[in-house]
Amino acid sequence: MQTINEDANKQTGKLFCIGAIASALLIILDQVTKYAAVAALKGKASFNIIRGVFELHYLENQGAAFGVLQGKKLFFITVTLLMIVVLIYVYGRIPMEKHFYPLHGICIALFAGAIGNFIDRILHNYVIDFFYFSLINFPVFNVADIYVTCAMALFIILFLFYYKESDLERLSGLIFPWKRHGV
């Protein structure tokens, strides 16, 4: 007969396996789209998907959204590594219950987005962006950026409308165990 600890360890192992596979698939999708963008768009005119609205436009971004912090590679690498550690820790602390599955998905998407752009920064010293909403002159972005943006939008919606105060207190106690002990 298995002990509670053995069951918990199996659940944790299963959780991390699922997360690793899902993250790997998302990262591969991001990198394949960037490779395709380089092959099809680099050095060429933008490709209109919907004229005057949406186009594929190759851009090598050494900064963040809206072009801020250009050339701050060390800063981005440091912040990304810190975020990866935090995401792995939080992912492992969220209960493996159906009610909290969306939070696991959010962590996976944030992790994949961070790693996707991290790979670009390490390999190229810039992030490859190629989606552009010309209608509103929105900053050029990529698949990894979509993961992060959608994950954060879902996170906000869940915390505003789905999770109850008791859920948040439980999560807080699991993620920040020192708070339970009054530290």
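## Strands, salt bridges and rings

Q: What makes strands E1 and E2 a pair?
A: E1 (residues 47-50) and E2 (residues 54-61) are joined by three bridges in the antiparallel sense. Two strands count as paired if DSSP finds at least two bridges between them, so E1 and E2 qualify with three. Strands (E, at least two residues) and helices (H or I, at least four) are DSSP runs numbered from the N terminus. This is a predicted model, where local features need pLDDT of at least 70 and side-chain atom pairs pLDDT 80 or more, while totals for chains, interfaces and linings use all residues. Residues are numbered from 1 along each chain as its sequence is written, and side-chain values use heavy atoms, with hydrogens and water left out.

Q: How do you know that the span of helix H3 is close to the expected one?
A: H3 (residues 101-124) has 24 residues and reaches 35 Å from its first C-alpha to its last. Asn-125 follows H3, with a positive phi near 70 degrees.

Q: Why is the contact of Asp-30 and Lys-34 called a salt bridge?
A: The term asks for a side-chain nitrogen of Lys or Arg within 4 Å of a carboxyl oxygen of Asp or Glu. The closest N and O atoms of Asp-30 and Lys-34 are 2.9 Å apart, so the pair meets the rule. The two are four residues apart in helix H1, so about one helical turn separates them. Salt bridges also link Asp-30, Lys-34 and Asp-120 into a network.

Q: Are Asp-30 and Lys-34 buried or exposed?
A: Buried means under 20% relative accessible area, exposed over 50%, and partly exposed in between (1.4 Å probe, protein chains only). Asp-30 has 0% and Lys-34 has 1%, so each counts as buried.

Q: What makes Arg-170 and Glu-97 a salt bridge, and which parts does the pair tie together?
A: Their side chains meet at 2.5 Å, N to O. Arg-170 lies in helix H5 (residues 165-175) and Glu-97 in the loop between H2 (73-93) and H3, so parts 73 residues apart in sequence are tied together. Arg-170 is partly exposed at 37%, as is Glu-97 at 30%.

Q: Why is the ring pair of Phe-100 and Tyr-163 called stacked?
A: Rings of Phe, Tyr and Trp (its six-membered ring) pair if their centres lie within 6.5 Å; planes under 30 degrees apart count as stacked, over 60 as edge-to-face and the rest as tilted. Phe-100 and Tyr-163 have centres 5.5 Å apart and planes at 15 degrees, so the pair is stacked. Both residues are buried.

Q: What makes Phe-130 and Phe-131 a tilted pair?
A: Their centres are 4.5 Å apart, with 50 degrees between the planes, so the angle falls between the two limits and the pair is tilted. Phe-130 and Phe-131 also belong to a cluster of linked rings with Phe-54, Phe-133, Phe-138 and Phe-141.

Q: How do you know that Arg-121 lies over the face of Phe-76?
A: A charge sits over a ring if NZ of Lys or CZ of Arg is within 6 Å of the ring centre and within 35 degrees of the ring normal. Arg-121 is at 4.0 Å from the ring centre of Phe-76 and lies over its face.

Conventions. Expected span 1.5 Å × (residues − 1).
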